[in-house]
Amino acid sequence: MYQQTNVSVSAQTICKIGIYFALLVLSAKVAIPIPFYDYISLQTAFIFLVYPILGAKYGSWLTVLYLVSRLLGLPIFASGGGLGYIFKTTFGFLIAFTLMPFLAAIIRKGNKLFSHHQFLNTLVSNYLCLIMVHLIGFAYKCFIIKFYIGNIINVTGILGFTSLLDFLIDVGLIFFVTLVELQIIKRIH
């Protein structure tokens with residue numbers, strides 16, 4: 001005899017997860033390689049829209065499904081797939097992306113700095129999340145370069161430059177994502 005659980009996911013939620021999964025795959029394919037182990041892609045923009053659209057719980061399901069699918073070999077990331085992807089310098093950002101829906105939920109609930117102004121409140125929350133994503137991604141990148149690739153001394157300056165370039169591009173991108181996010185929230189609610 002089995003015990004029935006009270007887990008219920010609506011067909012609408014499953015469709016949103018599926019559509020968003022496809023959008024994440026497409027956004028990862030729109031990538032510009034930059035020197036020394038990095039990519040600039042639209043993936044970051046779509047990751048930042050996961051929480052407002054799906055919430056922390058389903059957003060986390062999506063990001064974990066996305067990461068596991070990639071590690072199982074589906075060619076959905078910017079530069080390949082399979083278990084060997086954990087040795088890519090950009091894998092730290094993917095780890096951070098799986099934490100993103102929960103980070104966004106925690107930061108947004110705690111951010112009361114601009115509670116009277118929705119745009120500023122959302123923008124500050126998004127920028128705090130972006131800093132967390134980049135800190136995790138950069139730390140992982142340095143770890144892989146030092147211990148797997150073994151070449152941190154020769155690329156330190158360029159690594160800092162490309163990481164700064166990547167971050168500044170994401171800062172601009174997140175500004176526009178925040179505008180889109182607020183429009184999506186108005187239409188959903």
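Helix H4 (residues 91–110) packs against H5 at an angle of about 150 degrees, and their axes lie 9 Å apart; here axes are lines fitted to C-alpha atoms, for helices over the stretch in contact, with angles running from 0 to 180 degrees between N-to-C directions. Helices themselves are DSSP runs (H or I, at least four residues), numbered from the N terminus. The two are therefore roughly antiparallel to each other, H4 to H5, a label used for angles over 145 degrees. H4 passes H5 in a right-handed crossing, the near helix being turned clockwise from the far one by less than a right angle. Sorted by class, the contact of H4 with H5 has 17 nonpolar, 6 polar and 2 charged residues. In that tally, Ala, Val, Leu, Ile, Met, Phe, Trp, Tyr, Cys and Pro count as nonpolar, Asp, Glu, Lys and Arg as charged, and the others, Gly among them, as polar.

All of this comes from a predicted model, where local features need pLDDT of at least 70, side-chain atom pairs count only at pLDDT 80 or more, and totals for chains, interfaces and linings use all residues. Residues are numbered from 1 along each chain as its sequence is written, and side-chain values use heavy atoms, with hydrogens and water left out.

H5 itself (residues 118–149) has 32 residues and reaches 44 Å from its first C-alpha to its last, close to the 46 Å expected, the expected span being 1.5 Å times one less than the number of residues. Just after H5, Gly150 takes a positive phi of about 75 degrees.

Turning to the aromatics, rings of Phe, Tyr and Trp (its six-membered ring) pair if their centres lie within 6.5 Å, with planes under 30 degrees apart called stacked, over 60 edge-to-face and the rest tilted. By this rule there are 7 aromatic pairs. Tyr58 and Trp61 have ring centres 5.0 Å apart and planes at 85 degrees, so the pair is edge-to-face. These two sit 3 residues apart in helix H3 (residues 50–71), so about one helical turn separates Tyr58 from Trp61. Tyr58 counts as buried at 17% relative accessibility, while Trp61, at 42%, is partly exposed; buried means under 20% relative accessible area, exposed over 50%, partly exposed in between (1.4 Å probe, protein chains only).

The rings of Phe119 and Phe175 are also edge-to-face, with centres 5.6 Å apart and planes at 85 degrees. This pair links distant parts of the chain, Phe119 in helix H5 and Phe175 in helix H6 (residues 152–188), 56 residues apart. Phe119 is buried at 19% relative accessibility, whereas Phe175 is partly exposed at 32%. Elsewhere, Tyr85, Phe91 and Tyr140 form one aromatic cluster.

Note on methods: Angles under 35 degrees count as roughly parallel, over 145 as roughly antiparallel, 65 to 115 as roughly perpendicular and the rest as oblique.
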